[in-house]
Amino acid sequence: MKNLSLIALFFVFILGCSAPGKVEAPKTYAEAPDPSADTLTDWSVVKPGLHATIGSIDNRYNKSLIPDLEPKTTWNGFAWRNEVISAQLVLWNNEPAGIVECQFSDFKSADGKTLPAEIAQARFVRYVLTDEFGPGCGYRKPEDFIALTRADVLDPLPAFEMEGQSTRPVWLTFDVPADATPGTYTSTLKVKLDGKKHSKFTFKLEVGDRILPEPSEWKFHLDLWQNPYAVARVHNVELWSAEHWALLKPLMKMLADAGQKVITATLNNRPWGGQTEDAFGSMIAWNKQADGSWTYDYTIFDQWVQFMLDLGIDKQISCYSMVPWGNELYYFDVASGEEVKMVAKAGTKEFEEVWTPFLKDFLNHLEQKGWKEIACMAMDERSPAEMSATMKLLKEQAPELGVGFADNHHNYKKFPDQLTDLSIAFGAEIEPEIRQYRKDQGHISTWYVCCSDVFPNVFTFSEPAEAVFIGWYTLAADFDGFLRWAYNSWVKDPLIDSRFRTWPAGDTYIVYPDARSSIRFERLREGIQDAEKIRLLREEFQNNSSAESQDKLRQLNELLSRCNVTARPADFNELMKDGKETLESLSK
């Protein structure tokens with residue numbers, strides 16, 4: 001029996017092992033077919049085998065088209081220390097080519113310095129269904145718009161199986177350590193096909209002597225609204241369970257690493273109605289007792305805020321909303337044992353009666369937690385009448401609290417001291433004297449885009465460089481940062497189809513499930529890094545009266561003046577190219 005057991009174990013071992021050198025096909029999801037594939041493309045002109053070259057990060061390469069690229073095997077990049085920069089490799093083939101892997105060697109300088117290969121990451125770019133801008137905001141039927149696929153999802157797979165007659169980009173990022181020794185480093189990227197060497201590329205990374213601060217220390221005020229409820233639904237886990245928190249951590253860490261400053265918290269159910277696939281729930285339980293008094297359970301609110309603080313997102317807590325869309329509020333009636341929905345319009349008796357006790361209790365709770373100084377009562381695009389009534393009540397009952405507001409009605413002029421965080425729509429302006437007053441008071445002034453803005457934006461069909469421009473425009477127009485309403489308000493099947501029943505595709509989210517990044521998100525972070533570099537360089541040049549520094553300051557200011565536009569410049573591509581080249585030159 002002992003010998004039989006050994007023989008059985010031997011066969012189990014043999015059956016459980018792959019054949020030598022065999023590469024297993026990676027397990028992943030299937031993309032949607034391209035609904036607008038170019039059937040006239042003659043893939044037969046492509047020579048047999050896998051083709052690979054270095055492309056541009058400004059292009060979304062079409063899956064069903066043969067890329068029009070010249071062979072290029074060498075890439076040169078420049079980065080500050082503690083900066084993340086990107087490149088893009090493009091693969092294509094006529095017949096199914098096999099399984100592709102990308103492997104970097106260590107980065108080595110001529111004088112023997114080394115940066116580990118792990119500073120580089122290769123992620124396969126996946127395709128998602130998208131549409132077009134059309135009229136922008138408003139309900140839409142899929143059949144009324146062009147449908148196509150666009151390269152956007154960055155999938156950190158170890159390998160990818162190349163299907164026939166297809167193009168597959170690979171997004172490459174280089175995360176330069178803060179303690180890297182300045183110099184030029186060279187690495188080799190080996191592309192393997194079915195476990196065997198196929199081709200190699202040379203990557204030369206020049207590391208400058210300047211250091212970019214940690215994202216938590218960036219001055220750029222980034223405010224992308226988070227939706228933890230979407231994460232529970234898409235991953236089919238219980239809300240606020242251990243599994244839910246585990247899924248949230250890498251997703252929100254990715255946001256923190258992009259310099260996010262604001263925690264999105266909800267005070268009551270459905271602050272934005274049911275406009276997204278996942279209506280936000282309340283992080284605070286409201287209980288009306290039999291005697292008419294109120295009690296509040298802050299358990300989830302506290303857990304969520306502390307969770308985000310621990311990730312380094314600690315500058316502001318935006319609490320939505322005293323003026324929810326539809327003016328609906330929800331609470332649990334202890335006497336009846338049922339949830340009650342009430343309508344409490346700003347300025348009414350019901351509004352004051354329901355919010356006055358809450359504000360007093362909430363203020364006391366924030367004081368106990370040590371969060372009062374960073375808490376904001378936040379509202380989104382509310383009317384002048386609603387805002388006036390709400391601000392009046394806040395001034396009476398909780399004057400210590402800051403107020404955040406995405407303003408599309410020019411309400412801000414009425415509340416110069418209460419609006420500590422003001423965001424205005426792209427193209428709108430804050431009067432110079434009001435802007436300066438806000439700066440003097442330490443108030444935040446940002447701008448935002450949404451479904452109504454064809455440019456600049458981060459739809460799944462937007463030009464990648466538009467996301468970079470967001471950072472440049474922020475400084476050019478003298479704003480403190482940028483707001484966008486949706487970090488991860490995912491649609492039904494976000495990895496496959498980014499379209500939504502309202503608004504252009506991709507409007508509701510910029511990252512994907514399982515903490516997958518996107519071309520849009522990587523380029524947005526790049527633009528924010530650029531903004532930080534511009535800020536630091538400008539401060540340096542302003543503080544140096546030498547002719548050389550003043551000339552550099554002039555170059556920087558002239559470049560920024562070209563970015564202070566409210567529509568897509570005719571020379572947009574040239575503008576961004578000039579901007580990146582000038583910033584690199586001034587950094588050396």
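Student: What volume does the largest pocket have?

Tutor: About 910 Å³. A pocket is an open set of points on a 1 Å grid over the protein atoms alone, where a 1.4 Å probe fits, with protein on both sides within 12 Å along at least five of seven lines. The volume is the space filled by probe spheres set on those points. Keep in mind that this is a predicted model, where local features need pLDDT of at least 70 and side-chain atom pairs count only at pLDDT 80 or more, while totals for chains, interfaces and linings use all residues. Residues are numbered from 1 along each chain as its sequence is written, and side-chain values use heavy atoms, leaving out hydrogens and water.

Student: How many residues line the largest pocket?

Tutor: Lining residues have an atom within 4 Å of a point. Here there are 33, with I57, W75, N76, S86 and K580 nearest the centre.

Student: Which helix gives the most to that lining?

Tutor: Helices are DSSP runs of H or I, at least four residues, numbered from the N terminus. Helix 11 leads with 7 residues.

Student: Now D131: is it buried or exposed?

Tutor: Buried means under 20% relative accessible area, and exposed means over 50% (1.4 Å probe, protein chains only). D131 has 6%, so it is buried.

Student: Which side chain does the side chain of D131 make a polar contact with?

Tutor: A polar contact is a pair of N or O atoms within 3.5 Å, one able to donate a hydrogen and the other to accept it. D131 pairs with the side chain of R140 at 3.1 Å. The backbone nitrogen of A505 also lies 3.0 Å from a polar atom of the D131 side chain.

Notes:
Helix = DSSP H or I, 4+ residues; strand = E, 2+ residues; numbered from the N terminus.
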